[in-house]
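Please open the model in your viewer with the sequence panel beside it, so that each selection below can be made by residue number.

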Amino acid sequence: MKLSARVAAPLAALVLAGLTATACAPSSSGGGAEEDTKSGTVRVWLFREVNNKPKERIVDDVVTDFEQEHDGVSVDVQYIPVDSRAEKIKGALNDPSSAPDLIEFGNTDTAGYVADGGLADITEEFEAWDAARDTDPTARESVTVDGKVYGAPFFVGVRALYYRTDVFRELGLKPPRTLAELAETAREIRSEKPGMYGLAVGGAYTYGALPFLWAHGGELATRQGGEFTAAVDSAAARRGIKAWTALFGEDNCPPDTCAQMGGNDTVEAFTSGKAGMVIGGDFNRQAMEDGEVRGDYAVVPLPGVEEGEIAPAFAGGNNLGVMRSSTHRTLAVDLLKDLAGKETQERLFAEMGFLPTFGDTRKKAAAREPFVEPFIRTLEAGAEFVPATPAWAEIDAAQVLPVMFQEIVSGKKSVDEAAGDAARAMDEVFAR
């Protein structure tokens, strides 16, 4: 997979090394707990999924094997709500005695957890892990902060273009080959079917908008040394922002409705039959199958500016990490190797649809399920990430980018004005 040279961010989590239960913690422990107990209970926090039973079955099997291979060791797994993860992790950071040994977390949380001293540096273990050589370059970069490895990707998620096959057939349309054709196709659908959005877009759908910015050569920020500087007001970024915000209008997706829509809203518009196209993730497939569009949709990579190009997508996903405060570091690393390993990722794909982070494992997944092929092509074309800095969490929470998009589509500000204001807001946070 090609990795963009732009600002890479945190998809971090812990990749386990092939340590034995009797090995000593390496020097890369980075000032964590001095104790490295080889017995007792290893505590694990994982996210609770909407349908958590398949995940529980897979994890239970891994844990059973792990406990059989490690005498005197038990594993306590707790499933925590995603929405309350921030409070849970904050409590663990403030009180290491209550913290787990392993945690699951979202890729955009990595840099913040590293800055807070929450994650262990496992660079040496990662380099020694046999499976690491098959981790695709984007996933490898995603677990790297300032040149050090802090985790192992658990699974990856990426977005592509869903379209209504029945609508395209009826109107004699073909999947768009460029972003310009995408806009033209969206407007044609809206013209022929006024009760339907051509392409469902949302003013609060940041990860739907970013491929337009990146496809036009723009960036969120640049980095020199340890300092980040906003780049959303560059000429290239403004071209991408203009292309995205031009999709808001009566000829495609009316601003009075679409300006407030987020990613889930756009997917719901498509699944309910109200849109001809939508930018959705591989993780949205079940929603499609449960919706009114079942049997009447297909997926292609979101095209780029030129024919033959694929617009860079944000590669999201979840990761696993060893807490720096863990007193079971060796066991934690050993367990993480099993949880983030190829066999587990194959099962997560087969039973839950989570895309593997290993190139060879992903090829097996594509051979088994052709549906994922457009998403894999998108990943292999080159994925992008948010800036690898704790500042991003604050920028995201303040909705700097959605506000920028909404100000433009509402007519309150021009692209230049809104992008300039957003850049200044970002730089204020970066400076702190």
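Select Gln399 to begin, which in this predicted model sits in the loop that joins H17 and H18. Its phi is positive, about 55°, although Gln399 is not a glycine. Most residues other than glycine have a negative phi. With a relative accessible area of 44%, Gln399 counts as partly exposed.

Colour the buried ones, which are Val400, Leu401, Pro402, Met404, Phe405, Gln406, Glu407, Ile408 and Val409. To see what lies over them, display the surrounding helices: the cover includes H8 (206–215), H9 (235–245) and H10 (255–258), together with H17 (391–397) and H19 (415–431). After H18 comes Gly411, which has a positive phi near 85°.

Next, go to Asp146, in the loop between strand S4 (144–145) and strand S5 (148–149). Phi is positive here too, near 55°, in a residue other than glycine. Is Asp146 buried or exposed? Its relative accessible area is 57%, and because the cut-off for exposed is over 50%, Asp146 counts as exposed.

Now select Glu104, which belongs to strand S3 (residues 102–106). Its relative accessibility is 2%, so Glu104 counts as buried. Which side chain does the side chain of Glu104 meet in a polar contact? The partner is the side chain of Asn318, at 3.0 Å. If you then show the residues that Glu104 touches, leaving aside those up to four places away in sequence, you will find Trp45, Leu46, Phe47, Glu49, Lys55, Phe154, Phe155, Asn318, Asn319 and Leu320.

Finally, zoom out to the whole protein chain, which has 19 helices and 13 strands. Its C-alpha atoms fill a box of roughly 70 × 50 × 35 Å along the principal axes. For 432 residues, a compact globule would have a radius of gyration near 22 Å, and the chain, at 22 Å, agrees with this. Buried residues make up 56% of the 432, and among contacts with a separation of 6 or more, 79% are between residues 24 or more positions apart. Colouring by charge will pick out 43 positive and 68 negative side chains, two sets whose centres lie 3 Å apart.

Technical notes. Residues numbered from 1 in each chain as written. Predicted model: local features only at pLDDT ≥ 70, side-chain atom pairs only at ≥ 80, totals over all residues. Heavy atoms only, no water. Helix = DSSP H or I, 4+ residues; strand = E, 2+ residues; numbered from the N terminus. Rg over C-alpha atoms; globule rule 2.2 N^0.38 Å. Buried < 20%, exposed > 50% of the residue type's maximum accessible area, 1.4 Å probe, protein only. Contact = heavy atoms within 4.5 Å. Lys, Arg positive; Asp, Glu negative; His and termini not counted. Charge placed at Lys NZ, Arg CZ, Asp CG, Glu CD. Polar contact = N/O pair within 3.5 Å; in protein donor to acceptor, adjacent residues only side chain to side chain.
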